[in-house]
Amino acid sequence: MVRLVNYTALIVVASSLAWLLAAVTLDPRANYAGRTPAPPAAVVDAALSEVNLNDRDPLLDRYLTWASGLVRGDFGRTWDGLSVGADLAERAGVTLRLVTAGLVAGALIGLTVGTLAAVHHRRWFDRLSGGVVFLLLAVPAVVLANVLILGAIWVNDTTGTRFLMVSGETTTGGLLDRLGHLVLPALTLALPLAAVVSRYQRNTMLDVLNADHVRTARAKGLPRRTVIVKHALRTALIPTSAYLTFTFGALLVGSTVTETVFGRHGLGQRLIAAIRTGDVNTVAAITTVAAVALLLSAVAADVLQRVLNPGRAR
Amino acid sequence: MIDVTDLSISFGTTPAVRNLSFSVARGEVLGLIGESGSGKSATALAVMGLLPRTASTTGSIRLDGEELTTASEKRLTALRGRAMAIVFQDPLQAFTPVHRVGAQIAEAIRAHQRVPRKVAARRAVELLDLVGIRDPHQRARSYPHEFSGGMRQRALIAMAIANGPDLLIADEPTTALDVTVRAHVLDVLKTVRRETGAALLLITHDLSVVARAADRVHVLRHGQTVETGTVDEVLRAPREAYTKTLIAAAEAGDRPAAARPVRTVLEVRDLVRHHPGVKAVDGVSFDLRSGETLGLVGESGSGKTTLLMEIMALARPQRGRVTVLGRDTAHLSRRDRRRVRRDLQIVFQDPSASLDPRMTVGAIVAEPLTTHGRSPDRVPELLEQVGLPAAYAARHPVHLSGGQRQRVAIARAIALDPEVLVLDEPVSSLDPTVRAEIVALLEDLRAERGLSYLFVAHDLPLIRRVADRVAVMYRGRIAEIGPAHQVFTAPGHPYTRALLRASALRDDDPTPATGCRFRPRCPLYAELPAAPRSRCVTEEPEISGESGAACHHHPGEAP
C-alpha cells in the first residue's frame, strides 16, 4: 500500500518534470514560422493559447492548466488541436502488442540459450551462442531489421507463401495475418534482448550449477534433467527475471527504430514526431505512459519474485 | 560394505589423494580425519561419483562388491541416495532455497521408491521427527532459511537416510554448528546408525567428534594415510608425529591466574543494540584492562558480532555507554574519533574476505599508515614481526595461504601501534596446526607490545588457553563473566556448564519476554520446585560486580 502511494508520487514527479522540461525547451511557435502569408502574431498567440502551448503565457499557469487536465484524465491537445489522449490510446496499443511479443520471445529465447550454454559450458553450443550474442549486440537495430527482412523475403520466396509481412500491423485483419506482421518486428526487438538475457542467464546458471544445493540434489539420486530444471534453473530464474521485468519499460519507448522500419505507428515514432513539432503535451503524455509502464513492471517484478522465491522475508 | 583400494584422485596435475585404502563394515563408524586439503572431501565425492569432470581417479571403490569407479552415470544415479547417501557440510547451502524442506525430502524418497506423493510427504514428516525436529508437520512446510543451522543439519541427515542407505557419508557434519548443537547432531547420527544399520564414514577435522562418535579412525595428510587404527589406539597412543601434533593442537592448558591490571582501556556499560524484532545486544557490561585478554564466547546469534560492531562504530549507542581509553564514544569529535581509531584495531575471521584481493600485501599493510599521515617505511618491519618475509610485500593475497593472509591482517591491525585489538574469531577458519601458530604469534605480540585483546571465539579450549577473563554471552546478554580458570573449572551459570560439557541443548526456542532468557533450555530450571522457579519467570537475573553469573540459583547466591 505504501509502495502504491510511492509509485503514484513517482509518476506525478516524472511526468511533471517531463512536461516542464519540454515546455521550456520545445518551441511549438516554429510550426507557424515558415508560413506564407505569415499569420498575424495575435492569431498565432490565440491558437497556441487555445491548446495551452503559448510560451508567452506564464509557465506556472500553463503547468496548472496541464496538471488539472491530467487529474481529470485529459492529456491536453497537440499544436493543431487534436486530442493527445485519443491519439496515444491507439498508438499505445500498437506499441504494447509489439513490445509484449518482443519481450516474451526475447525472454524465452534468452533463457533457453543461456541455460543450454551453461549446461554445455565450454562446449560447442556455449561457444557458438557466445559468438552469436556478441554479433547481435554489435549490430544496430536498423541493420538487424533489414537483415531479417531479407531473410523473410527469402523464406517467402522459397516456401511460395506470403506469411511474413514487413509493413504495418495487418492487411486483412485475420489473427494469422496479424501474426505474420508481428514476427519480424518482434524478432528485431527480441534478438538483442535475448542476447543480453542469455548472458545473464548463463552466468547465474553457471554459479548455481556449482552450488552446494545442486550437488545435494544429485547426491539424492535425481536424474540429471530434474536436477537442472527443478533445482538449478528454478533458482537461477530469480535474478534473471528481476532484470527482465525492468526491460519492459525501457523497450516501450525504445522501439522507435523498429516501429519506423516496419511501418508500425507506435509511441516511439510519435515521440520523435512530437519533439519535432514542439508538442509539449504529447511528450509529457508519452513520458507518463512510460513511467506508468515502468512502475507496473516493477510491481510485476515484485510479484514474480514473490512467486519464484517463496517464504523469503523482504 | 565399502572397500576403497589404492584410490588416487588428482585435479589436473595436482594430486588430491594418493593410494588411499580403507573399508567400513556394516554398522561401523570410520572417522576420516585430516586438515583441509588433506583429500577427505575429495574421497567422499569420489565414492558418490560426484567429483567434477576435471578430476581423474585411479584405483577401486567397491560398494557391496560393486565397482563404482567404472559404473555408468545411470547406474550411479540409481545408487546415489538409495545405496549410498551423503550429508554435506554447511547445511545452509545444501538445500535448494526455493523449495520446502519436506518437499525436498519427499523428492528424495520418490526418486527411488514408487510411492504416491502423499505417502512420501508423510514419510518425510516421520523422518524429520526421527532426527529430533519438533513439530515436524509444521516444519516440513518451512523453507530452508527458516530453519536454524542445527535443524538444517538434522533435516539433511533425514534426507540422506530417506531410502535406508547401506553407506552414509557425513562430510564435516558439525563444523558449522555450535558446541551444544554439535552434540545433538552426533547423537542423531548415532540413532540413525542404530536404526538403519548403515556403515558410517565420518569425515571431520575435529578430533573431539571422532572421539565421540567413531569406532576406528584414519588420519590423512596431503592425500596420504598417516595412521589408522581404533579410536582408542590412535587418540590415546598415536604413533606418528603428525597425529601427535593434531592432538596437541586440540588440547587445552590453563593460563596462570594473576592480579588484574589497574588501567581500564575499554569499558562497556549497559550497552543496548536492538534491531527491529531482534534484541541483538540487550544490556551488556564489561571492562577490559591494559594488557589483559577478555575472551568472549557464545553461540552464533548470541550477539557477539553486533557487540563488536557497536564498539568499533565509535558512535553514540542506542542505550548505554562505551568508553575507549577514557573517552566516551558518544561525545567524540571527528578528530578524536580518528585518534581513538588508531588505538582500537580489529582482525576479522576470514582473511580472504577482509583483504582487498586487488591490493598487494605491502599496500594493504601501508594503508593504515598513510591514512594517518605516517610513513609506509615500516611495512617490511611489520611483516617481519608477524613472521612473513619482507619480499611478500609485492604479492597479492590470493598467492598466500590462509594462515599467511591472517598474518597480513594482523600486521595491518598492529601497524598503528594500537592499544586494543579486537579479534573476531581470528583463527576459526584455519587448520589446527596453522591455528596454533597464529595463536602463538598473537601471544607473542601481546607480550611484546602490552596489547589488550577482546578475543571472540567459539572454540572453548582456545579461549581457555589465551584468555585471562572470559565472558559468556547468551541471546544478547552476558550469562557469566569472570577469571578464565574460575569460569572453566567452577562455572556458575547452567549455560556455561552446558557449553563446557558440550551437552545437547535444544536450539529452536524463542527468547521469553520476561525473566531469565535461558529458562526454556535450562536444565536447572526444569528441576526446580515451583517457588524458586517463579523468580526465573518474573525477574531478569543480573551480574553484580566484575565477576559472576546471571543466574538466580547459582551456588554463589542465596536461593
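**Close-up views of a predicted model**

**View 1. Asp64(B) sits in the loop between β4 (55-63) and β5 (66-67) of chain B.** The phi angle of Asp64(B) is near 55°, which is a positive value in a residue other than glycine. Is Asp64(B) buried, exposed or partly exposed? Asp64(B) counts as partly exposed because it has 15 C-beta neighbours inside 10 Å, and the partly exposed class lies between 12 or fewer for exposed and 20 or more for buried.

**View 2. Leu325(B) is found in the loop between β14 (319-324) and β15 (327-328) of chain B.** Here, too, phi is positive in a residue other than glycine: for Leu325(B), the value is near 50°. Leu325(B) has 16 C-beta neighbours inside 10 Å, so this residue counts as partly exposed.

**View 3. Gly492(B) lies in the loop between α20 (484-489) and α21 (494-501) of chain B.** Take a look at the surroundings of this glycine. Gly492(B) counts as buried because 25 C-beta neighbours lie inside 10 Å.

**View 4. Domain 1 (2-250) and domain 2 (264-489) of chain B come from the domain assignment.** The centres of these two domains, taken over C-alpha atoms, are separated by 35 Å. Where they meet, 10 residues of domain 1 of chain B are in contact with 10 residues of domain 2 of chain B. On the domain 1 side, α8 (179-196) and α11 (241-250) of chain B are the elements that give two or more residues. Of these, α11(B) gives the most, with 4 residues. By class, this side of domain 1 holds 4 nonpolar, 4 polar and 2 charged residues. For comparison with a record, UniProt (unreviewed entry) places the feature "domain: ABC transporter" at residues 2-247 and 266-500 of chain B. The span 266-500 of chain B is 40% helix and 26% strand, and its end C-alpha atoms lie 27 Å apart.

**View 5. Chain A meets chain B through 19 residues of chain A and 24 residues of chain B.** Which elements of chain A each supply at least two residues of the side that touches chain B? They are α9 (212-219) and α10 (224-254) of chain A. The largest share of that side, 7 residues, comes from α9(A). Sorted by class, the side of chain A that touches chain B has 7 nonpolar, 7 polar and 5 charged residues.

Terms used
Residues numbered from 1 in each chain as written. Chains lettered and ligands numbered in written order. Predicted model: local features only at pLDDT ≥ 70, side-chain atom pairs only at ≥ 80, totals over all residues. UniProt positions renumbered as here; feature names shortened; annotations may be inferred. Contact = placed C-beta atoms within 7 Å. Nonpolar A, V, L, I, M, F, W, Y, C, P; charged D, E, K, R; others polar. Domains from an automatic or database assignment.
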